[in-house]
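Please consult the sequence and the three-dimensional structure shown below.

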Amino acid sequence: MKLKQRVVLLAILLVIFIFTKVFLIDNLDTSAANREDQRAFHRMMASLHVELDPRLDHTLQSPWEIAAQWVVPREVYPEETPEIGAVMHAMTTKKIIKADVGYKGTQLKALLILEGGQKVVFKPKRYARDYIVEGEPYAGYDRHNAEVAAFHLDRILGFRRAPLVVGRFVNLRTEIKPVATEQLLGTFMTVGNNTCFYGKCYYCRETEPACADGDIMEGSVTLWLPDVWPLQKHRHPWGRTYREGKLARWEYDESYCDAVKKTSPYDSGPRLLDIIDTAIFDYLIGNADRHHYESFQDDEGASMLILLDNAKSFGNPALDERSILAPLYQCCIIRVSTWNRLNYLKNGVLKSALKTAMSHDPISPVLSDPHLDALDQRLLSILATVKQCTDQFGPDVVLVEDRMTLSHL
C-alpha cells in the first residue's frame, strides 16, 4: 500500500475513532444525568409525606434559623430536608405576637409575626373547596388552599423555588385582635355571628370582607424569605395587558421568543429556562396571573425565578388556559431534567403524589378531586406540546441540558 493511501486510511480511522469516542462519552454523560434524575425522583417520592413534628435534629437552632440557612441563589430549600416537618409545624402552631395589614399587592392578606420573630403571610379562606371561579382565568379572590397545593407541586417537580406554605386555623378574637395594629384592627367587623376583616390592599373593600366560622378562620401561612436575600421585581415577558381588546405582543407575534432571547437577562444564563419551567408549573395549577416575578437582587440573571404568590390558581378545573404555555410552545426549549420529571409523573403518578404530599396539612383535603384530575390531564397537554416541538425541530434543539451545581454551605 502506498504511503499516501496509508495516510488517508489512518486519517479516516482517526476520524471514526474520535466520533465514536465523542458519541460514547455523550451517551454516557446523558445516561448518567438521566439516572441521577431518576434517583432524585425516587428520593422525592420517598419523602412526599411530611409529618408535622416539632422535633429538630439541630437542637441548638430554631426552626426559623434552619429555614433561613436553606436559601441559596438557586433554591429556597434543599432536596433533602429532614427538618421540614418541624419548620412547618412551627409555622402552624407558634404563637402570633403581632398582626398587621399586608400593604403590598391587590389581594387581601395579613402579615403575622410568630414567636421567635419569623414573618409569615396569612391568606384567609374565601371559597369552599368545590367552588368554581367563573370568568377570566385570573378572576376571583386569592385561594389560600392554592398556595398550599402549589408549594407541594413545586416539591414534586423538583424546582424548590417556592417558599414553604402550610395551612393554619387562627382564632381572630383571641390570637389576632389582641396583637393587631390599629390599621388592621380598624378593618374588623361582625357579620351575623362571624368575625370578619377586610384589610388593606388594592382590591380590599369593606363590602367584601373575609369571614371566619365564628371566630375560627382557615387560611394559609407562607414563610417570609430571609431579609438578607432582598428581592427584585421584574415584568414577566409573557405578561398580559389586562385590558379588553388590547393584546400583548406575545399574543399575536409567533416569533416573539426570538426577540426575548436578544434581551437581558434572557440572552444568557438560566432565566429563560426558568420562565419555561414556570409556565409549565403555572399551566398545571391554572395560574394565568403571573404578570411580574421576583428574583434575588443584583443577580444579573443567575438566580432563580422565585415562585411567589400562587393563589390565583385552582379556580376552575374545567378550564385549561393554553396561553399560559406560550413560553414553551413559542420558544420550543425545555430543560432535560424538567422533561424527565414530567415523564416520571404521567399515568396518574402526579395526582397520587400531590394527594399524598398534601395529606398531612392541617386544612386537608386541600384540593377537590376535579382539580387533582385536571392536573393529570394538563400534564398530558404539556407532554404533547413538547413532542410537537421535537417533531418540528428535533430533540437536540428542544431538550436543553442545564444542570447547575447547588451548594448549601
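Phe-169 stands opposite Glu-218 in strand β8. The model is predicted: local features need pLDDT of at least 70 and side-chain atom pairs count only at pLDDT 80 or more, while totals for chains, interfaces and linings use all residues. Residues are numbered from 1 along each chain as its sequence is written, and side-chain values use heavy atoms, with hydrogens and water left out.

**Strand pairing**

- Strand β4 (residues 165-171) and strand β8 (residues 216-223) run antiparallel and are joined by seven bridges; two strands pair if DSSP finds at least two bridges between them.
- Helices (H or I, at least four residues) and strands (E, at least two) are DSSP runs, numbered from the N terminus.
- Six of the seven residues of β4 are buried, where buried means under 20% relative accessible area, exposed over 50%, and partly exposed in between (1.4 Å probe, protein chains only).
- An open sheet of three strands, paired antiparallel, has the order β5-β6-β7.
- Because β5 (188-191) and β7 (210-211) each have a single partner strand, they stand at the edges, and one side of each is left without a neighbour in the sheet.
- Strand β6 (residues 194-197) is joined to β7 by two bridges, and Phe-197 has Ala-210 as its bridge partner in β7.

**Positions listed by UniProt**

- An unreviewed UniProt entry lists Gln-107, Lys-123, Thr-222, Leu-223, Trp-224, Leu-225, Glu-294 and Asp-309 under "binding site"; UniProt positions are given in the numbering used here, feature names are shortened, and annotations may be inferred rather than shown by experiment.
- Gln-107 lies in the loop between β1 (96-101) and β2 (110-114) and counts as buried because its relative accessibility is 11%.
- Leaving aside neighbours within four places in sequence, the contacts (heavy atoms within 4.5 Å) of Gln-107 include Asp-142, Cys-201 and Lys-312.
- Lys-123 lies in strand β3 (residues 118-124) and, at 5% relative accessibility, counts as buried.
- Not counting residues up to four places away in sequence, Lys-123 touches several residues, among them Asp-142, Glu-147, Glu-218 and Asp-309.

**The loop around Asn-287**

- Asn-287 lies in the loop between α8 (271-285) and β10 (292-296), and its relative accessibility of 2% is why Asn-287 counts as buried.
- The side chain of Asn-287 reaches the backbone nitrogen of Asp-289 at 3.0 Å.
- Not counting residues up to four places away in sequence, Asn-287 touches Asp-282, Asp-309, Asn-310, Lys-312, Ser-313 and Ile-324.

Definitions and conventions
A polar contact is a pair of N or O atoms within 3.5 Å; within protein, one must be able to donate a hydrogen and the other to accept it, and residues adjacent in sequence count only if both atoms are side-chain atoms.
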